[in-house]
Amino acid sequence: MSSEGAHERTSRTSNVNGSLKENVDPSQQKLDKTGLPLSPQPTDRKDDPLNWSPALKFAICIQVSFLAFIGPLASSVINPAFVQLGEAFKISPVQASYELTVFLVFAATGPLFVLPVASTYGRRPLMLAASLVAGVTNVVAAYSPSWAGILATRVFNGIATGCLTALGPPIICDTYFLHERGFYLGIWALFINNGPHVAPLLGGPIAQKIGWRWCFGIPGFVQLGTTAVIACCLPETLFSRRPQTGDIKERSFLDLFLFRSKPTRSIGWRDFTRPFLMLRYLAILLPAIYYMTCLAYGSVLFATTGSVVYKEFYNFSIIQTGLILSIPLIIGNSIGEACAGWFIDWLLYLHAKKHGGERPSEARLDALWIALLLPIGTIINGISISHSETVSWVGNAFGMAIANIGFQVSTTVVYAYCTDCYKPQSTEVSAVFNFFRQIFSGLVSFYALPLAERIDFQYAWLVFGFINIALLLPLVVLRWKGQQIRESAWQKPPTFHNDI
């Protein structure tokens, strides 16, 4: 197969994915270590993040991953202390849990109207501002004398945390080539998924030993410390790949920290509607709907029902409940990621080798067969609860671990797939995913236990498992017809931000 033909296919795929078409002489193309053309092709500029050293890129990945970890963790540390929180303000534990509901609503909706700024003025200003607001609002909540004050902090904390979690994938896409993104998005996914899983390990002991206020205060001070770190260590990664003219000065490394990046576009009211416009694309809508059930039934389901289940059926203490709601899930996520990020990059490489260099995003979807462990684990968990008199808590924990293997794989695959399909619009894609995952998971607590009490846990959890499987089926269609669908006239790719 000629290199010219391979180049034409590479350019065509790049254009379908919504990025600026790369007209590079095949003889001048830069190749990866396997001999395939790099995608996107890096420029010769030193301020192009694709040209940065592996150490700097990894430092950026770890920083954005930790920010995705600390936000969900901070919102969940207070969960074991809802009884104490309610007693402090003379409200019921159920009313106390509304602070989490407020957080989830604004974490879902707020970023939709804030994140478009990141595609114009840069990722770094918004990351710094959001991290600072998240830290300050948690500290203020720790010292708040009123319940209304705590709810007010949850509004701004939700918006800030939602921005921090949603900006991770765009920054990783700015920094890494197509063939690397699966692995590094997997690292980010491992952090964001395990934030709520680590929280129960901390919340119970903190509330019992030093009081519920420190469930807000300690994460707040950690967040402020993290803000100081990223202020010194997280450079701007937004880079325009539009052909540069001679009058555009190359940014120094110092410029990337001092907000000296000149916007390459203006921002208007249309920019704030673009996350909603991404819903017209099946390669975004179908994975987003599927993924919201993965988070809800592979993680949130156990967290929202655990305090009742483990006290009523297993007579666990608060600390024991925290342990079982953390350790199996963390182990499951870790095993899942060991089977995800590098694997979907390898699947992409394998497809390219067999098809003359073509790397369609759909090749990554083959890994979703592993995600079937999610409904299997959830069903095992439900059966174990229903038969708690004869099945020990070990079976219950095993089910949660199995489910989280599938949950982790699904997270890495869908984020990598969708940001591959529409890399220039990765900010908007991430905002859409953030909205779906937060809103749907916030509803689980309203129906999971009532349904289980009505039809029994094993059957309720079976229903949730089959819902997840049913919504996986459209992604099977995308695996075989996704590229054809994305190339069709009615799915014409968006044209905004195509230089990113």
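Leu201, Leu202, Ile319, Leu323, Ile327, Ile331 and Ile335 make a nonpolar surface patch of about 540 Å². Helix 9 (181–210), helix 13 (318–324) and helix 14 (327–338) each give two or more residues to the nonpolar patch, and helix 14 gives the largest share, three residues. Patch residues have over 30% relative accessible area and no salt bridge, with nonpolar side chains joined within 5 Å.

This is a predicted model: local features need pLDDT of at least 70, side-chain atom pairs count only at pLDDT 80 or more, and totals for chains, interfaces and linings use all residues. Residues are numbered from 1 along each chain as its sequence is written, and side-chain values use heavy atoms, with hydrogens and water left out.

The largest pocket has a volume of about 1,500 Å³. Its lining counts 47 residues, and Asn79, Phe82, Ala303, Thr304 and Ser307 lie nearest the centre. Helix 12 (282–312) is among the elements that supply at least two residues of this lining; its nine residues are the largest share.

Two residues are set out below by accessibility (buried is under 20% relative accessible area, exposed over 50%, partly exposed in between, with a 1.4 Å probe and protein chains only).

| Residue | Relative accessible area | Class |
|---|---|---|
| Serine 144 | 4% | buried |
| Isoleucine 319 | 38% | partly exposed |

Isoleucine 319 is found in helix 13. Serine 144 sits in the loop between helix 6 (123–143) and helix 7 (147–166). Neighbours within four places in sequence aside, serine 144 is in contact (heavy atoms within 4.5 Å) with Phe89, Gly149, Ile150 and Arg213.

Definitions and conventions
Helices (H or I, at least four residues) and strands (E, at least two) are DSSP runs, numbered from the N terminus. Patches are made of residues with over 30% relative accessible area and no salt bridge: like charges are joined within 9 Å, nonpolar side chains (Val, Leu, Ile, Met, Phe, Trp, Tyr) within 5 Å. Accessible areas come from the Shrake-Rupley method with a 1.4 Å probe; for residues, only the protein chains shown count as cover. A salt bridge is a side-chain nitrogen of Lys or Arg within 4 Å of a carboxyl oxygen of Asp or Glu. On a 1 Å grid over the protein atoms alone, a cavity is a set of points where a 1.4 Å probe fits but cannot get out, and a pocket is an open set with protein on both sides within 12 Å along at least five of seven lines; lining residues have an atom within 4 Å of a point. Grid points are joined across faces, edges and corners, and a volume is the space filled by probe spheres set on the points.
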